[in-house]
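This briefing describes selected sheets, hairpins and helix contacts of one structure. The points below are grouped by topic and may be read alongside the model.

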Amino acid sequence: MCGIVGYVGPREATEVLIEGLRRLEYRGYDSAGVAVMNGSGISVRKAVGRLSALEKELASNAAHGGLGIGHTRWATHGAPSIANSHPHVSYDGKLSVIHNGIIENYRELKNELIAQGVKFASDTDTEVVAHMVAREFKGDLLQALAAVLKRLRGAYALALCHAEQPDRIVATRRGSPLVVGLGDGENFLASDVPALLKYTRRVIYLEEGQIAELTSAGVELFDRELKPVTGKEVLTDLTLDAAEKEGYEHFMLKEIHEQPRALAETIRGRVEGGRVDLGELNLDAESLKGVRRIAIVACGTSLYSGMVGKYLLESFVKLPTETWSASEFRYADPVIDASLLVIAVSQSGETADTLEALRICKQQGARTLAICNVMGSSIPRIVGGTLYTRAGPEIGVASTKAYTTQLAAFVLLAVGIGRMLGSTTQADEARLVAGLEQLPRQVNELLTDDIVAVKRCAKRYKDVFNFMYIGRHYNYPTAMEGALKLKEISYIHAEGYAGGEMKHGPLALVEDTFPTIAIAPHGRTREKMVSNVQEVKARKGVVVMVSTLGDEEARELADYLIEIPKCEEELSPILAIVPLQLLAYYTATQLGRDVDKPRNLAKSVTVE
Ligand code: F6R
């Protein structure tokens, strides 16, 4: 939600800022803006809509200078408009600020400022920061910001510059990500590493509450009391290629096709000789002693992988496991104590609700683990251990490779912990390890063999208004995820349902124009799914079936058949979702939708 960048050095700042914002556009794309120190003051340029609108504005109204900050917005407070776009400027015109997050007490602060005679130009929560820091400014931006931070509540990554200290950017974070990029005679700032990769791979992930002061000569870090602290410089292994489309029309399609590699990477070094090795988590029977229950907390697609995770953990660890939408968990009264192991699942590692749910669990004594895709992000930093999905940067707003790698991570976790606790048999472990090793090849096959059938299906049904997705057990979450993919990028209403629940209501929707996608690979619920399909067909419904290669009954029943390779039942969600990702993709592209940046959404939800 919102991307921020900063640059100080010998280059033309706007070029660096636009390059950075392009890499961060997945975080928000309602409007964009830059503020550049021009030698005598600050030049601010803004445009509503995509980054290209800001580029156009800069082409006709350039802003020159070697220090600047830039922002791409996902609107929270105030509609997308020039006034609400960042950077915001203080009442005296000397200070400029960009922000990712929400200042929760902004109303109270705004009222105070209004009472003092400050006039507001926008509806945003951010503008209070501009005015407050300007009022505190007595020649030192660092000190002024530190004083104001004491009064801010909420989540923020902030970057500011001031005309009276035109050689520096001051930035801080709390609850929203911020990375410093280190260069030679130049320094950078961004919400996420891909924005920096064209210039540097040397980065420092700012810790919660740290403040950074960037000049072209160097970067200094401070705690909230302005005591100097040392940051940990790391050399990121992300490459620019990984953040490019590499010939694909969309990031989403590229990321779907990256799944064989992402799965192979996620498994690499973690399975060997028919066994799972989770050494990186430093877990053993002793450290798990006393764990009686597991709770999985996550949002969206990650939540659906958590639903599969629950089934896996209950089968192989044999501990009661609940899956919670993190936004619900926070405001319910779940029983949290030292007997609870909490597993957070997040692609970005920054989702505000998941992060906060984890904090609550930690405060109340639960043990914590995470499955996460982004190294250095907030969630891995606060949990006891992280199993990284090594999917590489996921830029398309619709999650694809993060999901399938999360599922593989859950298999590893369930079997690995199961072995430690003596609840998984060696035969099951060997069976699943062998199955995992087949997956990259099988997904590759799917990506070549299924495309024609899926494209045909997308063409046939792209104009319907509603879709039903049904599945059972391991593939009930596949139905939810398949439906989510379709609705988020094609804007067609789709519902994911447990197959057995159809007759308790939704069957009333079925008629000859209503397509049901039935996920029915072989396994213990296949026959029940076939019965559900019969029920739909008996009411003249149209059925697209996802079934295992060679299922003749499915071939006879289905109006459209999509086949997946034979695999272990527990791994079938990893294969079954792939054609459904493609179905959503081709439906959306045939409808002319903006697949990588669907309306109203953003990739990383750092607001509650
Ligand atoms: C859907 C999607 C979202 C995310 C959700 C959680 O395609 O991407 O539903 O899964 O916002 O995000 P993470 O996994 O980053 O916590």
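In this predicted model, five strands form an open sheet in the order 19-18-20-21-22, and their pairing is parallel. The edges are strand 19 (321–325) and strand 22 (386–388), each of which pairs on one side only. From one strand to the next, the twist averages 20°.

**Parallel sheet and the helix across it**

- Strand 20 (residues 340–346) pairs with strand 21 (residues 367–372) in the parallel sense, over 6 bridges.
- Within this pairing, A344 is placed opposite A370 of strand 21.
- Helix 10 (residues 352–363) lies across strand 18 (293–298), strand 20 and strand 21. The direction of helix 10 is at about 165° to strand 20.

- Strand 12 (residues 211–214) and strand 13 (residues 219–222) run antiparallel and are joined by 4 bridges.
- L221 of strand 13 takes part in both pairings: A212 stands opposite L221, and V229 in strand 14 is the bridge partner of L221.
- The hairpin of strand 13 and strand 14 has 5 residues between the strands, and L226 there adopts a positive phi near 70°.

**Enclosed helix 5**

- Helix 5 (residues 141–149) is largely enclosed by the rest of the structure, because 7 of its 9 residues are buried.
- The buried residues are L141, L142, A144, L145, A146, V148 and L149.
- These buried residues pack against helix 4 (127–136) and against several strands, namely strand 6 (95–103), strand 7 (154–162), strand 8 (165–174), strand 12 and strand 13.

**Packing of helices 15 and 18**

- Two packed helices are described by the angle between their axes and the distance between the axes.
- For helix 15 (residues 476–490) and helix 18 (residues 572–590), the angle is about 20° and the axes are 9 Å apart. Helix 15 is therefore roughly parallel to helix 18, as angles under 35 degrees count as roughly parallel.
- The crossing of helix 15 past helix 18 is right-handed.
- On the side of helix 15, the contact involves T478, E481, G482, K485, L486, I489 and S490. These meet P573, A576, I577, L580, A584, Y585, T587 and A588 of helix 18.
- By type, the residues of this contact between helix 15 and helix 18 comprise 9 nonpolar, 4 polar and 2 charged.

Note on methods
Residues numbered from 1 in each chain as written. Predicted model: local features only at pLDDT ≥ 70, side-chain atom pairs only at ≥ 80, totals over all residues. Heavy atoms only, no water. Axes fitted to C-alpha atoms, helices over the stretch in contact; angles between N-to-C directions. Helix = DSSP H or I, 4+ residues; strand = E, 2+ residues; numbered from the N terminus. Parallel < 35°, antiparallel > 145°, perpendicular 65-115°, else oblique. Left-handed = near helix turned anticlockwise from the far one by under 90°. Contact = heavy atoms within 4.5 Å. Nonpolar A, V, L, I, M, F, W, Y, C, P; charged D, E, K, R; others polar. Pairing = 2+ DSSP bridges. Buried < 20%, exposed > 50% of the residue type's maximum accessible area, 1.4 Å probe, protein only.
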